[in-house]
Amino acid sequence: SRNNFVRPKLTPIRVNGFVCKNPMEVNADDFFKAAALDKPRVTNKVGSNVTLINVMQIAGLNTLGISIARIDYAPLGQNPPHTHPRATEILTVLEGTLYVGFVTSNQPAPNRNKFLSKVLNKGDVFVFPVGLIHFQFNPNPHKPAVAIAALSSQNPGAITIANAVFGSDPQISDDVLAKAFQVEKNTIDWLQAQFWENNHN
């Protein structure tokens with residue numbers, strides 16, 4: 001009978017793992033964050049700080065395929081070699097000078113792992129293709145630098161190479177890494193004992 005019918009519990013619809021809000025309930029705050037990207041950030045031991053604004057901070061970015069980051073560099077600071085598995089990055093220097101570069105993926109010889117680099121000044125723009133290892137370095141020993149990066153994903157991800165390889169939990173076998181890097185196991189043990197700090201906020 002009709003009285004015995006139990007309506008199934010409705011579960012929220014998710015896209016890309018994020019709950020979709022009823023379009024009738026959307027408001028301006030779903031597309032806003034008082035991020036203070038105009039304010040300097042304290043850098044860490046590698047001399048950088050990445051302040052990423054992605055779908056985790058602005059729900060309205062879901063499905064839009066874009067995010068933004070402010071990157072602060074101390075004098076001689078760097079954003080160490082890393083990749084974004086889900087995004088191409090376009091970076092512009094707002095203050096200072098940056099030495100930047102990326103390495104192509106395993107190409108046939110003679111261009112195998114070709115390194116492309118450039119020195120950028122204020123207002124210059126450089127592109128890092130999706131998934132490729134890249135870095136930025138502030139060569140000035142006296143002045144900080146600042147850049148803004150746009151990324152072609154709502155959640156680009158970041159894999160910092162040294163952190164991932166030497167700071168994994170649990171650790172990758174030193175036998176594996178010693179053979180991969182063609183060094184002694186005690187060198188790998190020393191590297192694994194370092195504190196691998198994340199510069200992405």
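## Surroundings of Leu177

Beyond the neighbours within four places in sequence, Leu177 is in contact with Val165, Phe166, Ile172, Gln182, Ile188 and Gln192, contact being defined as heavy atoms within 4.5 Å. This is a predicted model, in which local features need pLDDT of at least 70 and side-chain atom pairs count only at pLDDT 80 or more, while totals for chains, interfaces and linings use all residues. Residues are numbered from 1 along each chain as its sequence is written, and side-chain values use heavy atoms, with hydrogens and water left out.

Leu177 belongs to helix α2 (residues 174-181); helices (H or I, at least four residues) and strands (E, at least two) are DSSP runs numbered from the N terminus. With a relative accessible area of 5%, Leu177 is buried. Buried means under 20% relative accessible area, exposed over 50%, and partly exposed in between, with a 1.4 Å probe and protein chains only. Leu177 and Asp189 are separated by 12 residues in sequence and by 9.6 Å in space, C-alpha to C-alpha.

## Annotated domain and binding site

An unreviewed UniProt entry places the feature "domain: Cupin type-1" at residues 32-189. UniProt positions are given in the numbering used here, feature names are shortened, and annotations may be inferred rather than shown by experiment. Over residues 32-189 the chain is 12% helix and 35% strand, and the end C-alpha atoms are 45 Å apart.

For "binding site", UniProt (unreviewed entry) lists His82, His84, Glu89 and His134. These residues are spread over 53 residues of sequence yet cluster in space, the largest C-alpha distance being 11.8 Å. From this set, His82, His84 and Glu89 are part of the lining of the largest cavity.

His82 lies in strand β5 (residues 78-83) and counts as buried, at 1% relative accessibility. Not counting residues up to four places away in sequence, His82 touches Glu89, Leu132, Ile133, His134, Gln136, Ile159, Thr160 and Ile161.

Rolling a probe the size of a water molecule over the atoms shows where empty space is left. On a 1 Å grid over the protein atoms alone, a cavity is a set of points where a 1.4 Å probe fits but cannot get out, and a pocket is an open set with protein on both sides within 12 Å along at least five of seven lines; lining residues have an atom within 4 Å of a point. Grid points are joined across faces, edges and corners, and a volume is the space filled by probe spheres set on the points.

A search of the whole structure finds 1 cavity of 30 Å³ or more. The volume of the largest cavity is about 100 Å³. It is lined by 14 residues, of which Val50, Ala69, His84, Leu151 and His200 are the closest to its centre. Strands β3 (48-53), β4 (67-73), β5 and β11 (145-151) each supply at least two residues of this lining. By class, the cavity lining has 8 nonpolar, 5 polar and 1 charged residues. Here Ala, Val, Leu, Ile, Met, Phe, Trp, Tyr, Cys and Pro count as nonpolar, Asp, Glu, Lys and Arg as charged, and the others, Gly among them, as polar.

The largest pocket holds about 280 Å³ of space. Its lining comprises 13 residues, with Val19, Lys21, Ala59, Gly60 and Asn62 nearest its centre, and divides into 8 nonpolar, 3 polar and 2 charged residues.

## Aromatic pairs

The structure holds 5 aromatic pairs. Rings of Phe, Tyr and Trp (its six-membered ring) pair if their centres lie within 6.5 Å; planes under 30 degrees apart count as stacked, over 60 as edge-to-face and the rest as tilted. Two of the pairs are tabulated.

| Pair | Centre to centre | Angle between planes | Class |
|---|---|---|---|
| Phe102 and Phe126 | 6.1 Å | 50° | tilted |
| Phe115 and Phe135 | 6.0 Å | 20° | stacked |

Phe102 lies in strand β7 (residues 98-103) and Phe126 in strand β9 (residues 125-128), so this pair ties together parts that are 24 residues apart in sequence. Both Phe102 and Phe126 are buried. Phe115 lies in strand β8 (residues 115-120) and Phe135 in strand β10 (residues 134-137), so their pair joins parts that are 20 residues apart in sequence. Phe115 is partly exposed at 39% relative accessibility, whereas Phe135 is buried at 14%. Ring pairs also link Tyr99, Phe115 and Phe135 into a cluster.

## Backbone geometry

Most residues other than glycine have a negative phi, and most peptide bonds are trans. The peptide bond from Asp169 to Pro170 is cis, with omega near 0°, and Pro170 lies in the loop between α1 (161-166) and α2. Leu76, in the loop between β4 and β5, has a positive phi near 60°.
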